[in-house]
Each structure stands twice: as structure tokens, then as C-alpha cells.
Amino acid sequence: MRVISGIAKGTRLETLEGNSTRPTLDRVKEALFNIIQTNIREASVLDLFAGSGALAIEALSRGAKHAILCDKSNYAIKIIKRNLEKTHLEQNAQIINADYNKVLNSYKDTKFDLIFIDPPYKLDIAVDAISKIMSLDLLEQDGIIVLETDNKERELEKLKNINVNVYDLRKYGRVTLIFLNRKG
């Protein structure tokens with residue numbers, strides 16, 4: 001896994017070992033960032049289930065202003081710190097070792113331009129996180145939420161109950177990226 005573009009382009013990132021996490025594949029990450037490239041410069045980013053930090057680091061490398069990287073795993077936090085140091089992007093990042101609910105509640109007066117939601121698939125908590133983001137009004141008016149999932153039908157069905165608009169959907173193997181913004 002590597003940083004694809006920007007000031008840290010080519011830097012190899014460490015990944016988490018084991019079966020509990022799966023990093024976003026480079027080809028999926030490249031496609032994702034090609035889709036949102038006009039929304040990255042000077043963006044405020046929240047990577048809620050950061051894992052290795054690859055998505056937020058890619059955004060920072062491409063010109064995002066600031067990123068908050070959250071994960072409840074102590075091991076993930078160590079990997080994120082090392083990856084930020086390797087890319088020299090730590091000055092624009094804040095790392096939080098906490099559960100997503102606690103993180104979202106602690107940022108209720110903050111607005112984000114770009115939010116990545118990529119929790120462990122088996123936990124089925126992605127739409128709950130999005131619901132909380134919307135109820136706490138954490139998404140900028142023209143902000144984007146990117147949800148990565150392996151169960152598109154489940155997520156789309158649950159998203160019908162939330163005030164978000166699915167404006168794009170892309171499938172890469174078993175992974176689907178769902179792009180969301182505010183309704184209206």
C-alpha cells in the first residue's frame with residue numbers, strides 16, 4: 001500500500017496485520033480519489049475508522065487542510081502514527097484513540113468537508129455512524145461522505161431512513177463505494 005499522489009506520492013504505508021481489518025486496495029483508493037479530487041484541496045477531513053490512516057493520509061498528501069484520524073484499536077493508532085511520520089504529514093493531522101460514538105459527540109461543533117466511513121464490515125455500524133453525523137450536523141453544506149462496504153444492498157436500504165443523498169455508487173470487486181451528500 002502506498003500514497004498514490006501529492007506531496008507524499010510513492011511513500012509506502014504500513015498496514016495492520018490480521019483479519020480484523022482490510023486496507024482499501026490501491027486501485028480502489030485511486031478510483032475514489034479520482035472521483036472526489038475537486039473536493040480535497042483545503043478540506044477538513046474526518047477518517048472515522050482510520051485503520052492504517054491511508055485514506056486521510058492520501059487526502060492530506062493531495063492538499064487537504066487538516067485530518068482527524070480515529071480508531072479504537074491501540075495497534076491501529078501506532079500504525080497511523082508511523083505512517084504520518086513516514087509521510088511527514090503529522091503536523092496537519094490529529095489522531096484519536098476512541099470509539100466512533102465518543103469521537104462524533106466530541107466534535108459536535110465542528111463541520112467536515114470530507115468524511116470517510118470504512119468500519120469493519122461485519123460490525124454493521126456504518127449507517128449508524130452516518131446517522132449520527134447527520135443528526136449532529138457535522139457535514140459541511142457541500143460536504144461528502146464516502147462509505148466503503150461489502151454489502152451495498154444492506155447499506156442502501158438503511159440509508160433510506162437518513163436525510164442523505166446517494167449521488168454516486170461504484171463497485172470494485174466485492175467492495176462498493178457509496179458517495180453521499182446532504183439532501184436538497
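Mentor: Let us begin with lysine 29, which lies in helix H1; bear in mind throughout that the model is predicted.

Trainee: Does lysine 29 count as buried or exposed?

Mentor: Lysine 29 has a relative accessibility of 0% and therefore counts as buried, the cut-off for that class being under 20%. Its side chain reaches the backbone oxygen of arginine 2, at 2.7 Å.

Trainee: And how should I class lysine 158, as buried, partly exposed or exposed?

Mentor: Lysine 158, which lies in helix H6 (residues 152-159), counts as partly exposed because its relative accessibility is 31%. If we leave out residues up to four places away in sequence, lysine 158 touches Asp124 and Val127, while its C-alpha atom is separated by 9.7 Å from that of serine 131, 27 residues apart from it along the chain.

Trainee: How do I read a nonpolar core, and which residues have the most contacts inside the largest one?

Mentor: The general idea is that, in soluble globular proteins, nonpolar side chains tend to be buried together. Here the largest nonpolar core has 35 residues, and those with the most contacts inside it are Leu32, Ile36, Phe116 and Val146. Among the elements that give two or more residues to this core are helix H1 (26-36), helix H2 (54-61), strand S4 (112-117) and strand S5 (139-149), and H2 gives the most, with 6 residues. Apart from this core lies another, of 31 residues, including Leu48, Cys70, Ile117 and Ile162.

Trainee: What is phenylalanine 116 in contact with?

Mentor: Leaving aside neighbours within four places in sequence, phenylalanine 116 has contacts that include Leu32, Phe33, Ile36, Leu55, Ala56, Ala59 and Val146.

Trainee: Finally, how do strands S2 and S3 run relative to each other, parallel or antiparallel?

Mentor: Strand S2 (residues 66-71) and strand S3 (residues 93-97) run parallel and are joined by 5 bridges, one of the pairings being that of isoleucine 68 with glutamine 94 in S3.

Definitions and conventions:
Residues are numbered from 1 along each chain as its sequence is written. This is a predicted model: local features need pLDDT of at least 70, side-chain atom pairs count only at pLDDT 80 or more; totals for chains, interfaces and linings use all residues. Side-chain values use heavy atoms; hydrogens and water are left out. Two strands pair if DSSP finds at least two bridges between them. Helices (H or I, at least four residues) and strands (E, at least two) are DSSP runs, numbered from the N terminus. A nonpolar core is a set of buried Ala, Val, Leu, Ile, Met, Phe, Trp, Tyr and Cys residues joined through side-chain atoms within 4.5 Å. Buried means under 20% relative accessible area, exposed over 50%, partly exposed in between (1.4 Å probe, protein chains only). Contact means heavy atoms within 4.5 Å. A polar contact is a pair of N or O atoms within 3.5 Å; within protein, one must be able to donate a hydrogen and the other to accept it, and residues adjacent in sequence count only if both atoms are side-chain atoms.
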